[in-house]
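Here are my notes from a pass through this one, as numbered points. Have the viewer open while you read.

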Amino acid sequence: MGSGWSSEEERQPLLGPGLGPAPGAAWRSRGEAAAAAAAVLPAAAPSPGRVYGRRWLVLLLFSLLGFVQGLVWNTWGPIQNSARQAYGFSSWDIALLVLWGPIGFMPCFAFMWLLDKRGLRITVLLTSFLMVLGTGLRCIPISDLMLKRRLIHAGQLLNGLAGPTVMNAAPFLSTTWFSADERATATAIASMLSYLGGACAFLVGPLVVPAPNGTAPLLASENSRAHIKDRIETVLYAEFGVVCLLFSATLAYFPPRPPLPPSVAAASQRLSYRRSFCRLLSNLRFLMIALAYAIPLGVFAGWSGVLDLILTPVHVSQVDAGWIGFWSIVGGCVVGIAMARFADFIRGMLKLILLLLFSGATLSSTWFTLTCLNSITHLPLTTVTLYASCILLGVFLNSSIPIFFELFVETVYPVPEGITCGVVTFLSNMFMGVLLFFLTFYHTEITKLRRESSKKAKQAEQQ
């Protein structure tokens, strides 16, 4: 796992000669490999791995980085009505600001190569530096609105380029630093904090930034463009300060790996970068599981990013849409970490857990769809039903993410964790991008049709 970024002492084999798998032996799951090695060890031999207390600090720094990256990515969706008035954004601009997230995954394979060859520290430092540049560009004080919009788009793109690391490296970090009975929990915490950051954007944006007239009953003086713009810039400066603080902490202390591996799986030899892709693309079971993850999770992530835009036609305010998005993701994070902790103790039930979660997600999405089609189904469209259906959908889908990550790594072991999760998150972001493009095109066409129909109605009235 990246011999170029460790010392000679760290590269010494963890197990003695003959204790590891044979060069031509078939590789199976991480647990099977560890069990096979443990069976060969003498009964009086010391524990083959060691965990360090500093692992929690490394996990905290990485999780906070993912949290802020998700917060910056979802800055504009929850306040899209205010951003239109303050900066003159169009519907296409709002969707594109969210779309920069999946677009940032285009060089995902370069970040996977960097993680595999250079390790965690170099990759995380580069990621945090891109976030500093991105959030800094958005804070440059310029009166020209056209140039300001371009700087904001550039900043969102740079933040999107940080996505591959914070979304893919969680299983790699958990395997490198944590023992076998803590891996799923560490993966859940590191991966879910990014989604929690996106959820907090639903809360921070609408509460700090006032909504323009027509979406919330605020005073006319508070709804002025200058006041809204000042509040948005307050959010941008605060996010820039937090990113700079995290970059400084990462630069001061973020070791690439512990002195001794925590488990046999962490010390096992992995496939090369090229052979890993060949193994992934030739594994039909992995491809099926990857599509089962990428399609629903990618669509839901894009849908959540423009939730305010979607719920505006049914007269849901900016604040209500923010609370719906916030609780749907927070609930998924809490349940996901609990599920991962449960999976740490009971192996072999990952498929059953995923089936139960997806069954609940199917029922929740059906409920939400039938509720929105109340003109056909005659079901009541109330705030309670919208909250309940959206929150349940987010809980069931988001809580499946760490379970999927563990299943991916177990399925294609000994492919490096960063490469495995990089491929599936790339697919997920591809489906997210397709959905956002479709929603933008659909919303633009509907707006044009409404304008044309209103013009014709006015002309008919005048005649």
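1. A quick definition before the helix pair: axes here are lines fitted to C-alpha atoms, for helices over the stretch in contact, and angles run from 0 to 180 degrees between N-to-C directions. Also keep in mind that this is a predicted model.

2. With that in hand, look at helix α10 (residues 183-208) and helix α20 (residues 401-412): their axes are 9 Å apart and the packing angle is about 130 degrees. Angles over 145 degrees would count as roughly antiparallel and 65 to 115 as roughly perpendicular, and α10 and α20 are therefore oblique to each other. As for handedness, α10 passes α20 in a right-handed crossing.

3. Which residues make that contact? On the α10 side they are R183, A184, T187, A188, S191, M192 and Y195, and they meet I401, P402, F405 and E406 of α20. By type, the residues of this contact split into seven nonpolar, two polar and two charged.

4. On to charge pairs. Side chains of opposite charge can pair when their charged atoms come close. How many salt bridges does the structure hold? There are two.

5. One of them joins E182 to R55, with the closest N and O atoms 3.2 Å apart. E182 sits in the loop between α9 (170-177) and α10, while R55 belongs to helix α2 (residues 55-73), so the pair ties together parts that are 127 residues apart in sequence. Buried or exposed? For E182, the relative accessible area is 16%, so E182 is buried. R55 is buried as well, at 10%.

6. E239 and R138 form a salt bridge too, and there the closest N and O atoms are 2.4 Å apart. This pair also links distant parts of the chain: E239 is in helix α11 and R138 in helix α6 (residues 120-138), 101 residues apart. Both E239 and R138 are buried.

7. Last stop, Y253. You'll find Y253 in the loop between α11 (225-252) and α12 (264-267). Its relative accessibility is 32%, so Y253 counts as partly exposed. Setting aside neighbours within four places in sequence, what does Y253 contact? The partners are R54, L57, L61 and R121. Take L57: 196 residues separate L57 and Y253 along the chain, yet their C-alpha atoms are 9.3 Å apart.

Key:
Residues numbered from 1 in each chain as written. Predicted model: local features only at pLDDT ≥ 70, side-chain atom pairs only at ≥ 80, totals over all residues. Heavy atoms only, no water. Helix = DSSP H or I, 4+ residues; strand = E, 2+ residues; numbered from the N terminus. Buried < 20%, exposed > 50% of the residue type's maximum accessible area, 1.4 Å probe, protein only. Contact = heavy atoms within 4.5 Å. Parallel < 35°, antiparallel > 145°, perpendicular 65-115°, else oblique. Left-handed = near helix turned anticlockwise from the far one by under 90°. Nonpolar A, V, L, I, M, F, W, Y, C, P; charged D, E, K, R; others polar. Salt bridge = Lys/Arg side-chain N within 4 Å of Asp/Glu carboxyl O.
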